[in-house]
Amino acid sequence: GSCGDADTINIVVNPSDTAAFTYPSGSYCLTDPNPLPNITGTTGGTFSIDNSGVINAGTGEINIVGSGLGSYVVTYITNGPCPDTATFNVNIVNSADATINPAGPFCENDQALNLTAVDPGGNWTGNGITNATNGTFDPATAGAGSHQIIYTITGSCGDADTINIVVNPSDTATFTYPSGSYCLTDPNPLPTGIV
């Protein structure tokens, strides 16, 4: 127009941050090493965790033992001019305990029995095991000697334990007398063939 005007400015549009990150797994055992995140987005942000979990705010390392059993949500917030937020769910579960309760020694002629461990649900293997699910150990099947028994609980938080069970050979009570019939005037007989 007759009284027109013009002006120019430069407008800066910053790229948006991306808070994308993951952990190697969504479930950890109490005995697992502390996990670190893999940040596939903008680095340099801040991590936090809910439910009284313990996390390094700078690195995102989760303290498994410090956090304890439970479900947690890890949050990552970028620190750029256009911040972004992302979350990741993590479960910390109890580790299995496959410690075998002591057993034996046994004699070859003892009855079969079921071995036990701290946590049930595992699989039993070894010489003399006749039922892998129940942990049935039969000394007669195993025979005399020392036998290695392994108990394994599978799964992400599994465990295994090994014991040696001793089976002693059975005594033999075999003996005879020279005769099965004696007269009152015969000398006193002694047994023979005692093993």
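**Starting at a loop glycine**

Modeller: G26 lies in the loop between β1 and β2 (27-29). Strands here are DSSP runs of E with at least two residues, helices are runs of H or I with at least four, and both are numbered from the N terminus.

Biologist: What kind of model is it, and how are residues numbered?

Modeller: This is a predicted model, where local features need pLDDT of at least 70, side-chain atom pairs count only at pLDDT 80 or more, and totals for chains, interfaces and linings use all residues. Residues are numbered from 1 along each chain as its sequence is written, and side-chain values use heavy atoms, with hydrogens and water left out.

Biologist: Back to G26. Is it buried, exposed or partly exposed?

Modeller: G26 counts as partly exposed, because its relative accessibility is 30%. Buried means under 20% relative accessible area, exposed means over 50%, and partly exposed is in between (1.4 Å probe, protein chains only).

Biologist: Which residues is G26 in contact with, leaving aside neighbours within four places in sequence?

Modeller: G26 is in contact with F88, N89, V90 and N91. Contact means heavy atoms within 4.5 Å.

Biologist: And how far is G26 from T116 in space?

Modeller: They are 31 Å apart, C-alpha to C-alpha. In sequence, G26 and T116 are 90 residues apart.

Biologist: Switching to aromatics. How many aromatic pairs does the structure hold?

Modeller: Nine. Rings of Phe, Tyr and Trp (its six-membered ring) pair if their centres lie within 6.5 Å; planes under 30 degrees apart count as stacked, over 60 as edge-to-face and the rest as tilted. Take F21 and F88: their ring centres are 6.2 Å apart and their planes are at 50 degrees, so this pair is tilted.

Biologist: Which parts does that pair tie together?

Modeller: F21 lies in strand β1 (residues 21-22) and F88 in strand β6, so the pair links parts that are 67 residues apart in sequence.

Biologist: Are F21 and F88 buried or exposed?

Modeller: F21 counts as buried, at 5% relative accessibility. F88 also counts as buried, at 18%.

Biologist: Which residues form a cluster with them?

Modeller: F21, Y23, F47, Y76 and F88 form one aromatic cluster.

Biologist: Now strands. In what sense do β4 and β5 pair, parallel or antiparallel?

Modeller: β4 and strand β5 (residues 70-77) pair in the antiparallel sense, over four bridges. To pair, two strands need at least two bridges found by DSSP. S48 has T75 in β5 as its bridge partner.

Biologist: How many bridges join β5 and β6?

Modeller: Eight, again antiparallel. I77 has T85 in β6 as its bridge partner.

Biologist: What about β8, β11 and β10?

Modeller: Those three strands form an open antiparallel sheet, in the order β8-β11-β10. β8 (113-114) and β10 (129-131) stand at the edges with a single partner strand each, so one side of each has no neighbour in the sheet. β8 and strand β11 (residues 136-137) pair over two bridges. N114 stands opposite T136 in β11.

Biologist: Last topic, the backbone. Which peptide bond is cis?

Modeller: The one from G104 to P105 is cis, with omega near 0 degrees. P105 is in the loop between β6 (85-93) and β7 (106-107).

Biologist: What is phi at N51 and S52?

Modeller: N51 has phi near 55 degrees, a positive value in a residue other than glycine. S52 is not a glycine either, and its phi is positive at about 60 degrees. N51 sits in the loop between β4 (46-49) and α1 (64-67), and S52 is in the loop between β4 and α1. S52 counts as exposed, at 66% relative accessibility.
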